Amino acid sequence: MEYSKESASSTAERLLHLLKTRGPQQASDVGDKLSMTAEAVRQQFTKLAAAGLVEAYSQVKGVGRPSQFWKLTPKGHQRFPDTHSELTVQLLDTVRQAFGEQAIDRLIDMREQKSREWYLQELRDAPDLPARVARLAQLRSSEGYMAEYEILEDGSILFIENHCPICAAATACQGFCRAELAIFEQVLQAQVERVEHILQQARRCAYKITPVLN
């Protein structure tokens, strides 16, 4: 899997980032990924749990004792903040009350147009679909979406956004999500299907991307 992310500045931040982008993990698996011992990872997770950022739970896998997994708590997820969430929602509510739902639709259309123009400009030299997806992942990561992608066995591409920096706005007005899906199809020149959605309680948003058949 290829992905774009900012380098973590401490072990704790690396652990939080790993749980955010990979979901619940066992200490031994995290140790393998980060070249740490499982015991060192457990100690770090224990400190993070004391701060309310992670929590442990047990899960039975096959025969034997239950395995211990670690996951982010709601407070841990808040370490990857929604961009100006409270102010954004207040502004949307104000616009809706003052000017009606049509004004909200107009705002979404304007944002969609601006984003589309920027992405098209940045992707103009990408020679093929994988290159366009790779560049889009970089752009979306720069906007805070913690984007990455994976080329699947059937040749399609799974485009993943591990965080939504406009989640509060998207919850208040789901037109933002519909607009983003349309933008992806247009700038990637491909068929895009959302297969995981944060607003439907998924851990991340994910899109299956396939070439458009001529």
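Hi everyone, and thanks for coming. Before we look around, a word on where the numbers come from. This is a predicted model, where local features need pLDDT of at least 70 and side-chain atom pairs count only at pLDDT 80 or more, while totals for chains, interfaces and linings use all residues. Residues are numbered from 1 along each chain as its sequence is written, and side-chain values use heavy atoms, with hydrogens and water left out.

Let's start with the overall picture. The protein chain has nine helices and seven strands. Helices here are DSSP runs of H or I with at least four residues, strands are runs of E with at least two, and both are numbered from the N terminus. The C-alpha trace spans about 55 × 45 × 35 Å along its principal axes. Of the 214 residues, 37% count as buried. Buried means under 20% relative accessible area, exposed means over 50%, and partly exposed is in between, using a 1.4 Å probe and protein chains only. Contact means heavy atoms within 4.5 Å. Among contacts with a separation of 6 or more, 53% come from residues 24 or more positions apart.

Now to helix H6, residues 101–123. How does H6 pack against H7? The angle with H7, residues 129–142, is about 130°, and the axes are 10 Å apart. Axes are lines fitted to C-alpha atoms, for helices over the stretch in contact, and angles run from 0 to 180 degrees between N-to-C directions. H6 and H7 are therefore oblique to each other. For the cut-offs, angles under 35 degrees count as roughly parallel, over 145 as roughly antiparallel, 65 to 115 as roughly perpendicular, and the rest as oblique. The crossing of this pair, H6 and H7, is right-handed; that is, the near helix is turned clockwise from the far one by less than a right angle, with anticlockwise being left-handed.

If you want to find this contact on screen, look for Trp 118, Tyr 119, Glu 122 and Leu 123 on the H6 side, and on the H7 side for residues including Arg 132, Leu 136 and Leu 139. By class, the contact of H6 with H7 has five nonpolar, one polar and four charged residues. In that count, Ala, Val, Leu, Ile, Met, Phe, Trp, Tyr, Cys and Pro are nonpolar, Asp, Glu, Lys and Arg are charged, and the others, Gly among them, are polar.

Trp 118 deserves a moment. It is partly exposed, at 34% relative accessibility. Leaving aside neighbours within four places in sequence, Trp 118 is in contact with Leu 139, Ser 142 and Glu 143.

H6 has another partner, H9, residues 175–188. Here the angle is about 25°, with the axes 10 Å apart. That makes H6 roughly parallel to H9. H6 passes H9 in a right-handed crossing. The residues that meet include Ile 108, Arg 111 and Tyr 119 from H6, and Phe 176, Glu 180 and Ile 183 from H9. The contact of H6 with H9 divides into ten nonpolar, three polar and four charged residues.

On to the charges. How many salt bridges does the structure hold? There are 13, each one a side-chain nitrogen of Lys or Arg within 4 Å of a carboxyl oxygen of Asp or Glu.

My pick is Arg 140 with Glu 161, at 2.6 Å, N to O. This pair links distant parts of the chain, with Arg 140 in helix H7 and Glu 161 in strand S5, 21 residues apart. Are these two residues buried or exposed? Both Arg 140 and Glu 161 are buried, and Glu 161 comes in at 2% relative accessibility. Not counting residues up to four places away in sequence, Glu 161 touches Arg 140, Phe 184 and Tyr 207, among others. The pair also belongs to a network of salt bridges that links Arg 111, Arg 140, Glu 143, Glu 161 and Glu 180.

For a contrast in setting, take Lys 208 and Asp 154, whose closest N and O atoms are 3.6 Å apart. Lys 208 is in strand S7 and Asp 154 is in the loop between S4 and S5, 54 residues apart. Lys 208 counts as partly exposed at 29%, and Asp 154 as exposed at 55%.

Arg 96 is partly exposed at 24%, and Glu 101 is partly exposed at 40%.
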